[in-house]
Amino acid sequence: MQVLKDALEGVKPGKALDVGTRLGEFAFRLAEVMPEGSAVMGIDRDPAAGEKAREKFAEKGLEFRVMDGGAMDFPDGTFEVVALSNTLHHIEDYGKVLAEMLRVLKPGGFFLLNEMYRDNQNAAQQVHHAQHTLEAKLDCLLGDYQRETWTRAEIQEIFRTLPLREPRFLDFQEEAVYDAKLEAKNRRLADEVEKIAGRAEYEALKQEALEIQARCGRDGIQRCTQLLCVGKKA
């Protein structure tokens, strides 16, 4: 992932942390670009996610722990790199998590925030945004938390509130393999709405899912553009 390599130019060997790692994919990307002799860890408060990540990357030398990103069990200044990728919109009190990430980051270390954004997207990317919005509605109805995708400017504003120097903002597109995964999810979209069958929101969201599937058939689906925010701890 060239954009991540560019973002971490000059990083020192050491420990890197991926917060809210889920299946560990961004942690693996960190491992690919960190200098020789470094160690990469992913944390997630969902034990099932951590177990799947361990199974997926069992031979890659990555470590995964069950831990709340808002209350990390690490000393101050433990990591050369801390990262949060496409997870910020899943966190209700994200300020607490960002503060903890700063605490465990070494002075001069790299802080990475990666989020997709919703504005200035082509037709296929707008299908992804619509699908993601529906999934967020379903998650909230089923007891999880997920907010609507931010605009690019809103993500920048959140990042600029952090006490970081040399902030940079790098836009990039994911590889086509991720678009294929989105298409597979789209085929199951109407079925996912069945999880709320019998609830007041069911009929409207079922229709919304069918409309999104029709748009996917017409325009295709492509991951929204990602914004990688990079800064260094003072």
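Predicted model: local features only at pLDDT ≥ 70, side-chain atom pairs only at ≥ 80, totals over all residues.
**Entry 1: starting from V19**

I began at V19 and looked for its bridge partner in β2, which turned out to be I43. β1 and β2 run parallel, and I found five bridges joining them.

Next I asked how well β2 is covered. Strand β2 spans residues 39-44, and five of its six residues are buried. On to the next pairing: β2 also runs parallel to strand β3 (residues 63-66), with four bridges between them. One pair I wrote down here is G42 with its bridge partner F64 in β3.

**Entry 2: the whole sheet**

I then wanted the strand order. Seven strands make an open sheet, and I read them off as β3-β2-β1-β4-β5-β7-β6, with mixed pairing. Which strands stand at the edges? They are β3 and β6 (164-172); each has a single partner strand, so one side of each has no neighbour in the sheet.

Helix α4 (residues 94-104) lies across β1, β4 (79-85), β5, β6 and β7 (226-233). I noted its direction against β5 as about 145°. Helix α6 (residues 152-160) lies across β5, β6 and β7, and runs at about 160° to β6.

**Entry 3: α5 against α7**

For packed helices, I go for the angle between the axes and the distance between the axes. How far apart are the axes of α5 and helix α7 (residues 176-187)? I got 11 Å, with a packing angle of about 50°. That angle makes α5 oblique to α7. The crossing of α5 past α7 is left-handed. I then listed who meets whom: V127, H128, Q131 and E135 come from α5, while L182, K185 and N186 come from α7.

**Entry 4: A130**

While in helix α5, I stopped at A130. Is A130 buried or exposed? It has a relative accessible area of 14%, and the cut-off for buried is under 20%, so A130 counts as buried. Leaving aside residues up to four places away in sequence, I found A130 touching I212 and R215. I also checked Q213: its C-alpha atom is 10.0 Å from that of A130, though the two residues are 83 residues apart along the chain.

**Entry 5: two positive phi values**

R22 has a phi near 55°, a positive value in a residue other than glycine. I placed R22 in the loop between β1 (15-19) and α2 (25-33). At a relative accessible area of 35%, R22 is partly exposed.

N120 also gave me a positive phi near 55°, again in a residue other than glycine. Where does N120 lie? I found N120 in the loop between β5 (105-116) and α5 (123-141). Its relative accessibility is 73%, and exposed means over 50%, so N120 goes down as exposed.

Conventions
Residues numbered from 1 in each chain as written. Heavy atoms only, no water. Buried < 20%, exposed > 50% of the residue type's maximum accessible area, 1.4 Å probe, protein only. Pairing = 2+ DSSP bridges. Axes fitted to C-alpha atoms, helices over the stretch in contact; angles between N-to-C directions. Parallel < 35°, antiparallel > 145°, perpendicular 65-115°, else oblique. Left-handed = near helix turned anticlockwise from the far one by under 90°. Contact = heavy atoms within 4.5 Å.
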